[in-house]
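Let us take a friendly walk through this structure together. Keep the sequence and the 3D view open as you read.

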Amino acid sequence: MTTTSTPPLLAGTPERARFTAVLRAEWTKFRTVRGWVIAPIMAAVLCVVFTFLVANGTHTDFCTGTGNCTAGHAFVPTGPKGQAVADSYYTLGGRLTGDGTITTQVTSLTGVISTAPTDVAPSQAQQTRPGVPAWAKAGILLRPSTRQGSAYAAVMVTGGHGDRFQYDYSHDDAGRPGPVSAGSPHWLRLTRTGDTLTGYDSTNGTTWTRTGTAHLTGLPATVYAGLFVTSPVSFQTSASGARTLATATFDHTVIDGSATPSAWHGQSIGAGEQDFYPTLRAGSYHRAGGSLVVSGSGDIAPAVVQGLLGADTASSSLPFGLTVALIVLIVVATMFVTAEYRRGLIRITFAAIPGRHRVLAAKAVVIGAVAFVIAAVAAATAVPLGEHILHANGAYVFPAGALTVVRIVAGAAALAAVTAVAVLAVGTITRKSAAAVAGGIVVFVLPSIIGSISSGGAVQWLYRLTPAAGLSVLQALPRSAQVDYPYTFANGYYPLAPWAGFGVLAAWAALVLGIAAVLLRRRDA
Amino acid sequence: MNDAIIEVTGLRKRFGPTLALDGVTFTAPPGKVTGFIGPNGAGKSTTIRVILGLDAPDEGHARVGGHPYRDLRNPLRHVGALVDAAAVQPSRTARNHLLWLARSQTLEAGRVDAVLELVGLAAAARRKAGGFSLGMRQRLGIAAAMLGDPPVVILDEPFNGMDPEGIVWMRKLLRTLAAEGRALLVSSHLMSELQGIADHIVVIGRGKVLAEAGIDELLARAAGEQVLLQTPTPAEAYRVLHRAGGVTTIIDDGALSVSGLAARQVVAALGQSDVVFSEVTTQRPTLEDVYFQLTSGEAEFGTNTVQGAQR
């Protein structure tokens, strides 16, 4: 022997090379083919460039009810936590200083629904039919001011969800169920004690049940308090929704505290031309005997705006660029294994590393890590860039929140990594570059392309069952149980939750990886 | 147990309707070059793939240094193999090709430079392997085989595509490696390539070992000397030589082979009868002849053998 001497191997002790050695070998293989290093970098560049182009091609016009359109967008209020909110209603109230309690009895809640869709100007949509949306609200509201998006707490009756106590747009506690009628009036009470607001309901005005409590920190001494009525867009009959108006009758309204009931006045909030939330009318009130009859239109809830506003999101410019990057990564991931089969190099690999599953695992780690880093860098660059361009073009970009942006970037990276690993497995199965690239694109990219250009129920299944479900990680618009809305793909909602969708993709990857592992063991190299 | 040994026992393998290996058994002993010879399609490469754990046999087993290949830790430190010289990623440099192999065996990068030096590719180390001639790729393959300084070296058709200079170098290298005590298994479809370097010969045909013996023993089995001559009148020459007691065969229009007569006797007999002739040569038995004799019995492969010999 010339240089090294090999320690003898004990008979009957099969030993395997350390996985780190296999990993280093596969990483060395990857980084020493220039094309495999350049292509992923190109993938990242293409992702950013296409995201820029998509964002740059997006121009938003804002049209008022009178048909005048200008560049820019409607006003969307921003809630206490930076979230987009709807804050449109009619209110009758005034100042309340210090602690206090407001009590009222709601004896009726009726409403009308426009027969025209929301894309028709309100002036043309006054033809109505009777109907109360389930989330039509009437009750007592308390907030620092009527500035849209400010904090609030409210206790209310609803069209179909019984009594509720809600605060700060996203918190919702259920009270007594059942609708309001003359035979079954609902009593409501809202109490302020310091920063603490408590809602109660009652059937008789004497026995009260606590519905919910909110702590609005920093609540000023003098706040706005009053009755309110609002009624959201109904999607029951039209995919684009119909404007609605609710009318509630309040009896026995009592203000207990430092307030001037005679100074109460009615005002319409968030029903102007510039406001994004579609309202039927501005709302109104009148006295009828001892009762107050209040009509209002709008919603106080999280904004669900894609369908109403055509809003863009932090990730809305990304899918095209990401798809382009994925295709490039798919080619590289395929070549990483099929090139070895084509050249016969796979025999040298398996002679050096007889544990074939370790080779597959090491290749998966290498290509998965490369795809993850590339897609993370690409998305982390493309998302803020796309957002910036959209802003510059006057578009409304739905505020995503830092955590959502982090999830979108990490999700895009994980999506690319799992796709690359899956395609590596496809390449191991087919052993042919063309077949694997074609198979990888058909299975892992085509569904999302089909999904992005078509609509209907089939698309929902595409994003539930096929690897395209992985794109759910890009979901930027939140869902809300407080808003009845068609949460469809056409409206910007993937049918599955981000990580559930990712799980579907991962399951596909695990399936092909499993098949590849079985074939690797069974087949001769 | 010596590490430097290959033991192949009763290998049987079927590819669809074809029985590729039909009970292959042989040993490649330490310190010797074992020539593994047979026509194309005889089962040489399949046997080598089974030894390297790449193909699974239906029956039988192969052991290297007493162990199944797949049980070896860092196998390139035990067995170096050249299976297919064309098996390189064209855009990867020769050095990087060896570097990933070294990484897989936890070998130092220094070994890469050492083996590049050994095979005379140091100057081409940073060139892309795709631009290499077949001869250079063979050298790269030898470098990969020697990376782990293994006690067992297996080379499948190492002379393919090599220029004369390369063949001389390769023969010298094989002798050196065997002299260091390693077991070498060198396959070829050309007996002549191994003449003078193989100590031990395994002849394979149609998936069976036709002969396994030392080189001397094998040569001794061959038929004796023959005299070849060229003549414009082969029929006349045949008659004369037949009368003189030679076993004569007309090879073609102008050539005959004679056995049982020395060249001197052939010339004398023809001279006496005024038969015109030219080019009288004596042919001693070669490995090639042994090979032909052994493989011609394998009717199906008779044709293949000739084609193989012509390449």
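First, some ground rules. This is a predicted model, in which local features need pLDDT of at least 70, side-chain atom pairs count only at pLDDT 80 or more, and totals for chains, interfaces and linings use all residues. Residues are numbered from 1 along each chain as its sequence is written, chains are lettered from A and ligands numbered from 1 in the order in which they are written, and side-chain values use heavy atoms, leaving out hydrogens and water.

Let us begin with chain B. Its C-alpha atoms fill a box of roughly 75 × 45 × 35 Å along the principal axes. Chain B holds eleven helices and 13 strands; these are DSSP runs, H or I of at least four residues for helices and E of at least two for strands, numbered from the N terminus. Of its 311 residues, 52% count as buried. Here buried means under 20% relative accessible area, exposed means over 50%, and partly exposed lies in between, with a 1.4 Å probe and protein chains only. Contacts, meaning heavy atoms within 4.5 Å, also tell us something about chain B: among those between residues at least 6 apart in sequence, 68% join residues at least 24 apart.

Side chains of opposite charge can pair when their charged atoms come close. In one of them, the side chains of A:D299 and A:K137 meet at 3.1 Å, N to O. A:D299 sits in the loop between β17 (291-296) and β18 (300-302) of chain A and A:K137 in strand β6 (residues 137-143), so the pair ties together parts 162 residues apart in sequence. Both A:D299 and A:K137 are buried.

In chain B, look for B:D22. The side chain of B:D22 forms a salt bridge with that of B:R12 (2.6 Å, N to O), linking strand β2 (residues 18-28) to strand β1 (residues 6-15) of chain B. B:R12 is partly exposed, with a relative accessible area of 30%. B:D22 also meets B:K208 in a salt bridge (3.6 Å, N to O). B:K208 belongs to strand β9 (residues 208-214) of chain B, 186 residues from B:D22.

Where does helix α5 of chain A lie, enclosed or open? Seven of the eight residues of α5 (residues 345-352) are buried, so this helix is largely enclosed by the rest of the structure. Its cover includes α1 (19-31), α4 (318-343), α6 (356-392) and α11 of chain A, together with α2 (94-104) of chain B.

Helices α8 (433-444), α9 (446-453) and α11 (498-522) of chain A each supply at least two residues of the patch, and α9 gives the largest share, four residues.

Technical notes
Salt bridge = Lys/Arg side-chain N within 4 Å of Asp/Glu carboxyl O.
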